Amino acid sequence: MSRFKKDSKKETPELNMGSMSDIIFMFLFFFMVITTMREASLKVKFQAPSATEVQKLEKKSLVANIYIGAPINKNENTLPPGEVSVQLNDQTIKAEDLKTDVRDFIGTEKESRDAHDRDRLTFSLKVDKDVQMRYVNTIKQELRANNALKINYAAGKKVN
Amino acid sequence: MSKRKTPGLNTGAMSDISFLLLTFFLLTSSINTEQGIPRKLPPPKADDAQDVKVDINRRNVLNVLVNFRDEISVNGDIILVGDLKAKAKEFFANPTNDPSLPEKISKPIDGIGDFAVSKGVVSLTNDQGTSYNMYVQVQNELQRAVNELRDETSLQYFGKKYDALDSASQRAVTQAIPMNISEAPPMDYSSNGSK
């Protein structure tokens, strides 16, 4: 009998992990392709209003974001008369620098795109839904004065 | 001797690394795509340009006012947001050729033929104190009215919904049902100062 019981302590065969990493890589590439990095950390509260007729923007690389909302930190710059900040890139702007800051922002955003893409550049207004229109109107006026005419009111899709 | 078996590589660590990368991308990225209501601003006024009074017939204008209490009035009647779409649709379509609703001009359009294009313009005025949420809702309702009309026209002439059409037909439908929104400078009644 001992002849057959010779190796009762069978070793479990080692698992081949090679294909697992293939699958993980596939996931990885999938996520890399469908996502974009959050380019700036939010300094303002932003909750998009919801609407039914939203459209997807054509190309993410042709979108520049302007955030308007109540500041998360108390010591951020706000616009008069109240509790609302405007964030361009990663900074909230001061009321007295509003004109120059918006102009510079539009300038650099346009500069960083190819010449033939400049007209297709969309400025997405990401405005919190509790904000009063006065702030949005100010920004719209500046956009218009600087010939940045393609805008987008960011809104979530409302589910009926 | 020449055929020595290569030892199996331990690739477990590799999957660890790729897991790490995967979680990194999962956390730093936002899947929600950029979406919203696209609009075009009017081009900036030239400095030397004078205010030209464009004579628009009263029947061709739908005055939409939104005040600081988020109440909407259309040509003087106070309505709810839910009723705005029907009003706007009736205004743009004018199915019965009502003399109080906008006039239509027959225009030849590629792919459709002669089509009675409405001359209606929505004049949208908001208060400085209007909430952004209400503003977006109003824009959305107006867009919805136009989208429904475009869908109806597309079904009638091409047998498909607007979204399913090719770009040339879409352009034709857009010409047939233009979306004319003119935004008046905002009023300011919410702050106590008179202006």
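Colleague: What does V136(A) touch, leaving out residues up to four places away in sequence?

Modeller: V136(A) touches I68(A), L125(A), V127(A), V131(A) and Y132(B). Contact here means C-beta atoms, placed from the backbone, within 7 Å. This is a predicted model: local features need pLDDT of at least 70, side-chain atom pairs count only at pLDDT 80 or more, and totals for chains, interfaces and linings use all residues. Residues are numbered from 1 along each chain as its sequence is written, while chains are lettered from A and ligands numbered from 1 in the order in which they are written.

Colleague: How many residues has the largest nonpolar core?

Modeller: The largest nonpolar core has 54 residues. V136(A) is among those with the most contacts inside it, along with I68(A), L125(A) and I139(A). α3(B) gives the most to this core, with 9 residues. Such a core is a set of buried Ala, Val, Leu, Ile, Met, Phe, Trp, Tyr and Cys residues joined through C-beta atoms within 7 Å. Buried means 20 or more other C-beta atoms within 10 Å of the residue's own, exposed means 12 or fewer, and partly exposed is in between. Helices (H or I, at least four residues) and strands (E, at least two) are DSSP runs, numbered from the N terminus.

Colleague: Which strand of chain A pairs with β2(B)?

Modeller: β8 of chain A, residues 150-154, in the antiparallel sense over 5 bridges. Pairing needs at least two DSSP bridges between the strands. Y153(A) has I37(B) as its bridge partner.

Colleague: What is the strand order in the open sheet of chain B?

Modeller: The order is β5-β4-β3-β8-β9, with mixed pairing. β5 (77-79) and β9 (181-183) of chain B each have a single partner strand, so one side of each is left without a neighbour in the sheet. The twist averages 25° from one strand to the next. β4(B) and β5(B) pair in the antiparallel sense over 3 bridges, and S73(B) is bridged to I78(B).

Colleague: Which helix packs on that sheet?

Modeller: α3(B), touching β3, β4, β8 (121-126) and β9 of chain B. Its direction makes about 155° with that of β3(B). Axes are lines fitted to C-alpha atoms, for helices over the stretch in contact, and angles run from 0 to 180 degrees between N-to-C directions.

Colleague: Now the loops. Where is D70(B)?

Modeller: D70(B) lies in the loop between β3 (61-66) and β4 (72-74) of chain B. Its phi is near 65°, a positive value in a residue other than glycine.

Colleague: What about N94(B), buried or exposed?

Modeller: N94(B) counts as buried because it has 20 C-beta neighbours inside 10 Å. N94(B) sits in the loop between α2 (81-93) and β6 of chain B. This residue is not a glycine either, yet its phi is positive, about 45°.

Technical notes:
Contact = placed C-beta atoms within 7 Å.
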